[in-house]
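Please look over the sequence and the model before reading on.

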Amino acid sequence: MTLDSRVIAVPGTGADVLLEPAGGGVVRTPSGRFLRLQDPPPGLAAALAGGRVDDAAAAEYADLLTAELVAREGRDADRRWPAARRDVCLVGAGETVDALAEALSGWGIEPVAGGPDGLAAPPRLVIAVAETPRERAHWGELDTLPARGIAWLRGYREGETCFVDPLAVTTGDPGSEQVRRRRLAASSVPRELAVWQRAVASAPAPLPVAARTLLLARVLTVALAWAQDAPALDAFRRTLWKLVAPSMTITEHPVLGYDEPPAGRR
């Protein structure tokens with residue numbers, strides 16, 4: 001391509017057409033691929049720019065090019081988040097949940113808010129986010145979701161410390177209650193931690209923007225791995241992610257599911 005090549009945006013697609021003065025050109029797709037144009041007509045630039053075009057061939061070429069790019073976007077969207085897995089339910093409230101809903105909507109997923117029960121059809125994925133320990137007091141009831149074929153993803157705060165639990169896809173994956181017990185068992189002050197979790201009630205101050213962004217990114221990364229059935233999914237099913245916002249340190253901790261003991265022995 002010469003330095004004086006023209007760049008024309010293809011309306012509604014996010015793609016650009018690069019046309020050379022001597023003819024010929026390429027399309028740069030939103031994913032960064034370059035595709036060679038076959039015999040673009042001289043009036044293509046005007047047709048793409050939306051001006052009056054007397055060249056029927058150029059107008060037809062522009063329409064076909066736009067339709068092909070839209071179709072490619074549709075295929076990319078289905079690879080990003082397959083249509084069969086777009087039934088998502090969000091549990092919780094607050095700025096992180098709002099940002100999560102906005103991000104999912106930008107990918108073509110319109111999550112329903114509230115609980116998974118009582119919906120016209122069961123969701124494929126439930127994502128819960130809690131601002132305080134009290135807000136996740138009922139999560140133990142949702143630990144039965146994998147037994148119903150529903151993936152179960154959880155992110156939460158304890159002050160300015162953030163966690164994303166392992167994703168539960170099957171009954172063998174750790175649910176929220178198992179992760180809570182594992183955390184208490186691993187703590188050097190388990191009694192104090194348990195008391196604090198039960199006692200704290202007031203909503204904490206908003207997270208710093210960087211911390212909230214990282215928490216949101218982790219939840220979305222795990223959700224995408226589930227949607228795409230990506231190789232990283234296995235690791236996300238056994239990894240507890242932790243962010244300590246004051247020091248901005250991130251650590252990961254293995255957490256495996258286990259068979260529940262009889263109720264009287266817990």
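At what angle do helix H5 and helix H6 pack?

## Two packed helices

Helix H5 (residues 176-186) and helix H6 (residues 190-199) pack at an angle of about 140°, with their axes 8 Å apart; helices are DSSP runs of H or I of at least four residues, strands are E runs of at least two, and both are numbered from the N terminus. Axes are lines fitted to C-alpha atoms, for helices over the stretch in contact, and angles run from 0 to 180 degrees between N-to-C directions.

In H5, Arg180, Arg183 and Leu184 meet Pro190, Leu193, Ala194 and Gln197 of H6, where contact means heavy atoms within 4.5 Å.

## The sheet and its helices

Seen as an order of strands, E6-E5-E7-E8-E9-E10-E11 form an open sheet of 7 strands with mixed pairing, two strands being paired if DSSP finds at least two bridges between them. Strand E9 (residues 161-164) and E10 pair in the antiparallel sense over 4 bridges, and Phe163 has Lys242 in E10 as its bridge partner.

H5 lies across strand E8 (151-158), E9 and E10, and runs at about 40° to E8.

## Basis and confidence

This is a predicted model, in which local features need pLDDT of at least 70, side-chain atom pairs count only at pLDDT 80 or more, and totals for chains, interfaces and linings use all residues. Residues are numbered from 1 along each chain as its sequence is written, and side-chain values use heavy atoms, with hydrogens and water left out.

The chain averages a pLDDT of 90, and 94% of the residues score at least 70, pLDDT being the predictor's confidence in each residue, from 0 to 100.
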